[in-house]
Amino acid sequence: MFVKTDHSMGKILTTLTVKNRIDEAKAAQGLISSADVRSVVLHDVLVDTGATTLCLPAAVIAQLGLELLKEVNVTTASGLSTARIFQDAKILLLGREGTFECLELPGGRNSLLGVIPLEALGLEPDLRNQTLKVLPSESVDTYLTIL
């Protein structure tokens, strides 16, 4: 049996901005200047439909000054381990924004963008074209549903 391999399909890498949402709230209240809002632009972020949430390296979390929310058990390729979850990471991507928890990645690994932020932002992976598709947010075709 002959199986054709499609080499046009592959991984999706994107660039996104992550901000400390608490800093943004403080700036809006006039407690800090807008220049003091901690923010980072991340390049080559892997869109990972096998990951649940936003996953950031410890150095990025420290740079953003995100607060620890909890420790959880996670399943990885190497088995069960413990990970730390941080809160109030605001993502800006393709004209959409939202605030999410993020999981701390061990070591200096690249950031991952999982399915929960993708769905909440109305973004759909297009593996064939190696891009993210922005789903409509208005009209009857909106990705936002209430059932």
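Which backbone oxygen lies 2.5 Å from a polar atom of the side chain of Arg-96? The model is a predicted one, and in it that oxygen belongs to Leu-135. The side chain of Arg-96 also reaches the backbone oxygen of Gly-122, at 3.2 Å. Arg-96 itself lies in strand β6, which covers residues 96-105. With a relative accessible area of 14%, Arg-96 is buried.

Next comes the nonpolar interior. In soluble globular proteins, nonpolar side chains tend to be buried together. The largest nonpolar core here has 24 residues, and those that touch the most other members are Leu-16, Val-18, Leu-42, Leu-56, Ile-91, Cys-102 and Leu-113. Several elements each supply at least two residues of this core: the strands β1 (12-20), β2 (39-47), β3 (54-57), β5 (79-93) and β6, together with the helices α2 (58-64) and α3 (115-121). A second, separate core has 7 residues, including Cys-55, Val-74, Ile-85 and Leu-103.

Leaving aside neighbours within four places in sequence, Cys-102 is in contact with Leu-54, Leu-56, Ile-61, Leu-66, Arg-84, Ile-85, Phe-86 and Ala-89. Ile-85 in that list is a member of the second core, whereas Leu-56 belongs to the largest one.

How many disulfides does the structure have? The count comes to 0. The sulfur of Cys-55 has its closest cysteine sulfur in Cys-102, 8.2 Å away, and this is too far for a bond. A disulfide would need the two sulfur atoms within 2.5 Å. Cys-102 is accordingly in no disulfide, the nearest cysteine sulfur being that of Cys-55.

Helix α1 covers residues 21-28, and its N-terminal end is capped by Asn-20. The cap consists of a side-chain oxygen of Asn-20 lying 2.9 Å from the backbone nitrogen of Ile-22. After α1 comes Gly-30, whose phi is positive, near 80°.

Positive phi values also turn up at residues other than glycine. Most residues other than glycine have a negative phi. Asp-88 has a positive phi of about 65° although it is not a glycine, and Asp-88 has its place in strand β5. Leu-94 is another such case, with a phi near 55°; Leu-94 lies in the loop between β5 and β6. Is each of these two residues buried, or partly exposed? Asp-88 is buried, with a relative accessible area of 16%, while Leu-94 is partly exposed at 46%.

A search of the whole structure finds 6 salt bridges. One of them joins Asp-88 to Arg-21, with the closest N and O atoms 3.2 Å apart. Because Asp-88 lies in strand β5 and Arg-21 in helix α1, this pair ties together parts that are 67 residues apart in sequence. Arg-21 is partly exposed, with a relative accessible area of 30%, in contrast to the buried Asp-88.

Which residue forms a salt bridge with Lys-90? The partner is Glu-24, and the closest N and O atoms are 2.9 Å apart. This pair links distant parts of the chain, since Lys-90 is in strand β5 and Glu-24 in helix α1, 66 residues apart. Lys-90 is buried, at a relative accessible area of 13%, and Glu-24 is partly exposed, at 22%. Both Lys-90 and Glu-24 belong to a network of salt bridges that also links Lys-19 and Glu-97.

A further salt bridge connects Glu-104 with Arg-84, again with the closest N and O atoms 2.9 Å apart. Glu-104 is in strand β6 and Arg-84 in strand β5, and the two are 20 residues apart. Glu-104 counts as buried at 17% relative accessibility, whereas Arg-84 is partly exposed, with a relative accessible area of 32%. Arg-84 is also one of the residues in contact with Cys-102.

Methods
Residues numbered from 1 in each chain as written. Predicted model: local features only at pLDDT ≥ 70, side-chain atom pairs only at ≥ 80, totals over all residues. Heavy atoms only, no water. Helix = DSSP H or I, 4+ residues; strand = E, 2+ residues; numbered from the N terminus. Buried < 20%, exposed > 50% of the residue type's maximum accessible area, 1.4 Å probe, protein only. Polar contact = N/O pair within 3.5 Å; in protein donor to acceptor, adjacent residues only side chain to side chain. Core = buried A, V, L, I, M, F, W, Y, C linked by side-chain atoms within 4.5 Å. Contact = heavy atoms within 4.5 Å. Salt bridge = Lys/Arg side-chain N within 4 Å of Asp/Glu carboxyl O.
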